[in-house]
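Trainee: Please take a close look at the salt bridges here, and then at the sheet. Walk me through the partners and their surroundings.

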Amino acid sequence: RVGDTVKKGDLLVSGISETSDGTKFTRSLGEIYAETTREYKLSKSFKQKIISPTGESKQKRVLEFFTLRIPLYFGKETKNYISELQQKNCTLFSKTLPIRIYTREFKFVNEHTLTYNKDTLKKQLEKELKQKIEEDKIKSYKTLKTEFAETVDGISLMALISAEENIAVSEKL
């Protein structure tokens, strides 16, 4: 009933009904709106590592024949990079052969460190809080409390919100 307190795991809507013909099992689609309170804790460092692509990339391939791996390149990468690996199997007449070609693409990046001040970090944390609330699919909420605290290497944010949200979870019987 409206105003009742519930806890996680309580059964609120059921697809089981008793009729004069016996028990009937149907699919139940319920929406249960509740006033909830959530606490979010976020933190950011004054110094943040920024990775930006250079636009330069390189591919290296390895041939695998049964369990033998044969590199089809020379050298080792010494620059900073992000890599992606792709595998292609060799087939003959719809049969997969024990031969593969691995291709690793190296996308080179620059790494540098930016130092932020307190006000900038607070704005970043507030923006991140809004994103987290959106990710949790909360449409209507009221901020009850926000508290910023300085840590050894940055700023932390604790926010307490009150929200009205659908808490229904569908489960199969």
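Mentor: Start with Lys41 and Glu39, whose side chains meet in a salt bridge at 3.7 Å, N to O. The term means a side-chain nitrogen of Lys or Arg within 4 Å of a carboxyl oxygen of Asp or Glu. Lys41 is exposed, at 64% relative accessible area. Glu39 is partly exposed, at 48%. The cut-offs are these: buried is under 20% relative accessible area, exposed is over 50%, and partly exposed is in between (1.4 Å probe, protein chains only).

A word on the source. This is a predicted model, in which local features need pLDDT of at least 70 and side-chain atom pairs count only at pLDDT 80 or more, while totals for chains, interfaces and linings use all residues. Residues are numbered from 1 along each chain as its sequence is written, and side-chain values use heavy atoms, with hydrogens and water left out.

The structure holds 14 salt bridges. Take Glu77 with Lys58: their closest N and O atoms are 3.3 Å apart. Glu77 sits in the loop between strand S5 (68-71) and strand S6 (81-92), and Lys58 sits in strand S4 (residues 47-65), so the pair ties together parts that are 19 residues apart in sequence. Strands are DSSP runs (E, at least two residues), numbered from the N terminus. Glu77 is buried, with a relative accessible area of 17%. Lys58 is partly exposed, at 38%.

Next, Lys145 and Glu147. Their side chains form a salt bridge at 3.5 Å, N to O. Lys145 is partly exposed, with 38% relative accessibility. Glu147 is partly exposed as well, with 42%.

There is also a network. Salt bridges link Arg38, Asp136 and Glu165 in it. In general, side chains of opposite charge can pair when their charged atoms come close.

Lys58's strand, S4, belongs to an open sheet of 4 strands, ordered S5-S4-S7-S6 with antiparallel pairing. S5 and S6 stand at the edges with a single partner strand each, so one side of each has no neighbour in the sheet. From one strand to the next, the twist averages 30°. That angle is taken between N-to-C directions on a scale from 0 to 180 degrees, with axes as lines fitted to C-alpha atoms.

S6 pairs with strand S7 (residues 95-115) in the antiparallel sense, over 11 bridges. Pairing requires at least two DSSP bridges between two strands.
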